[in-house]
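Here is a friendly note for anyone opening this structure for the first time. The points can be followed with the viewer at hand, one stop after another.

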Amino acid sequence: MPYRYNAVVEHIRKRVDAGTLKVGDRLPSIRQLSLLTGFSAVTIHHGYELLESRGYCTARPRSGYYLTRISSELGDFSQDGENSVEPISIGDFPQALLLSWQNRTLNAFGAPQPSDDLFDCAELDSVMRRILRRRKLPAKDAVMGDIDLRLQIAKRAAQRGIFTRYQDIIVTGSATQGLNLCLDALTDPGNVILVESPSYFPALSSIKHRNLRVVEIYSHPRTGVDPDQFEYLVKNNNIRVALLMANNHFPTGITYGEEGMKRIVAAAHKNTVTIIENDMLGDLYYGISNPRSLKKFDSSETVLQFSSFECSLAPEYGLGWVIAGKHAQPILAASCLGGYAINDFRIQQALAEYLSCHSQDRHLRRIRDTLASRMERGLQLLGERLPAGCSISRPNGGYMCWVHAPQGFKSGRAARALHKQRVSILPGPVFSAAARSFENLFALNFSFPWTTTNEAKIGKIADSIAEIAH
């Protein structure tokens, strides 16, 4: 079953073949094509965005989209409904570049993790020392994690409108371990999983190692996943699980609208698809409004949500958890079969005591304010220094920004060249299971302090784009 986007592309192809559309011509307006095809304006817009990302058209402010080139591959988004491509191989990038992404102080913009200076562990360390002196043994019934810690996690979830029992929460060693357990419990090799594109790239490795097939759904850098397209894909493909990041999306930084969240959850429930929601950055929103999540609109246990303390407290105390609901026992079984023994119970006790006696909200406000300030400065610098033809996402939270450079810019090639100048970026293809998309896009981590050196690096990134723009 072809994607809806292909109907948009097929219409353009037919007009090109008929000679009524030539390079330089204006494409039909979104409203016109919506009326003609019956698809929503959002779906049409996403189709044009994909054509633009591959260099077939370009958007002009207050004017529309214009055809820029013609190719026999026009519209080759997917040949069938089950896209079996695999995630990108790490062998495609030099080892030195990969290692630089893991560095928290060098090559700031290409690091996947937030800056260390955001986190103050003094109080947590003090609590940890007290726990170690007590030598308190874990409870015998703590196979799913420390009960007090799970209670604290449930209380924090309730503040965001997610009402869950501590018995439905499983503590994990990290957020990634939580995702892996969800995949192990809910999928078998060869199953089809729906994944956002661009997507949180460490998750793509987990999917690949489990030999899962992937259907990608475009996540727009302003609005996120199109609910119409989501419903179409889960209805017409044998999809078991959908992996989505609705809050402070990595790498665009945007948050889905509430109405879109509701429709996505309803479509998943209707088509018996389980959503695994990545909420790792859910607490890192800007401003005073506490954003909703897919789990908030889940009344039928359609959504599993995983997260961790890595970005909300400190990486050193970055235990994760899964709000598992009715799936708790299968996930617990996957944990036992996978050999994930709980051996961090003292860290769990320390976290539980800290959360019960200290204000995490005060700690989070400081992190959010710092991130918002650094993001604003980064967006300002990009706006001043990037050449014409670039566009930038406007994050609602988190620490990542998504940059769309003109056609001809190859972010993978630029990443290698910039690395030699001690500047790093996260090239677009690593965020796609197809490993062919987003060649002219890249992500920047703006969680690090704005030093004179870092500001100068933005200039070097802008220069690398300008070189191909002329």
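1. T176, L179, N180 and L183 in α7 are in contact with A203, S206 and I207 in α8. Sorted by class, the residues of this contact are 4 nonpolar and 3 polar, with no charged ones. Helix α7 covers residues 175-186, and its axis comes within 10 Å of the axis of α8, the two crossing at roughly 35 degrees. The crossing of α7 and α8 is right-handed.

2. A word on the whole before going further. Please keep in mind that this is a predicted model. The protein chain has 470 residues, and 58% of them count as buried. Its secondary structure comes to 15 helices and 14 strands. Among contacts in the chain with a separation of 6 or more, 73% link residues 24 or more positions apart.

3. β3 runs antiparallel to β10 (residues 320-323), and 4 bridges join the two. T172 has G320 as its bridge partner in β10, while I170 has V322.

4. Where do the residues of β10 point? G320 and V322 point one way, W321 and I323 the other way, and all are buried.

5. Now for a single residue within the sheet. S219 lies in strand β5. Is S219 buried or exposed? S219 has a relative accessible area of 1%, so this residue is buried. Leaving out residues up to four places away in sequence, S219 touches E196, S197, P198, G224, V225, H249 and Y256.

6. For a contrast in setting, turn to Y340. Y340 lies in the loop between α11 (328-337) and α12 (345-357). Its relative accessible area is 28%, so Y340 is partly exposed. Apart from residues up to four places away in sequence, Y340 touches Q177, N180, L181, R210, A334 and S335. How many residues separate Y340 and L181 in sequence? They are 159 residues apart in sequence, yet 9.3 Å apart in space, C-alpha to C-alpha. N180 links this point to the opening one, as N180 in α7 also takes part in the meeting with α8.

7. There is another sheet to visit. In it, 4 strands form an open, antiparallel sheet in the order β11-β12-β14-β13. β11 (391-392) and β13 (426-427) stand at its edges with a single partner strand each, so one side of each is left without a neighbour in the sheet. β12 (residues 400-404) and β14 (residues 441-445) run antiparallel and are joined by 5 bridges. One of the pairs can be picked out by name: H404 has L441 as its bridge partner in β14. Helix α13 packs on this sheet, touching β11, β12 and β14, and its direction makes about 15 degrees with that of β12.

8. The last stop is helix α13 itself. α13 (residues 360-385) has 26 residues and reaches 37 Å from its first C-alpha to its last, close to the 38 Å expected at 1.5 Å a residue. Which residues of α13 are buried? They are Q360, H363, L364, I367, R368, L371, R374, M375, G378, L379, L381 and L382. When reading such a list, recall that an α-helix has 3.6 residues a turn, so residues three or four places apart point the same way.

Conventions:
Residues are numbered from 1 along each chain as its sequence is written. This is a predicted model: local features need pLDDT of at least 70, side-chain atom pairs count only at pLDDT 80 or more; totals for chains, interfaces and linings use all residues. Side-chain values use heavy atoms; hydrogens and water are left out. The expected span of a helix is 1.5 Å times one less than its number of residues. Buried means under 20% relative accessible area, exposed over 50%, partly exposed in between (1.4 Å probe, protein chains only). Two strands pair if DSSP finds at least two bridges between them. Contact means heavy atoms within 4.5 Å. Axes are lines fitted to C-alpha atoms, for helices over the stretch in contact, and angles run from 0 to 180 degrees between N-to-C directions. A crossing is left-handed if the near helix is turned anticlockwise from the far one by less than a right angle, and right-handed if clockwise. Ala, Val, Leu, Ile, Met, Phe, Trp, Tyr, Cys and Pro count as nonpolar, Asp, Glu, Lys and Arg as charged, and the others, Gly among them, as polar.
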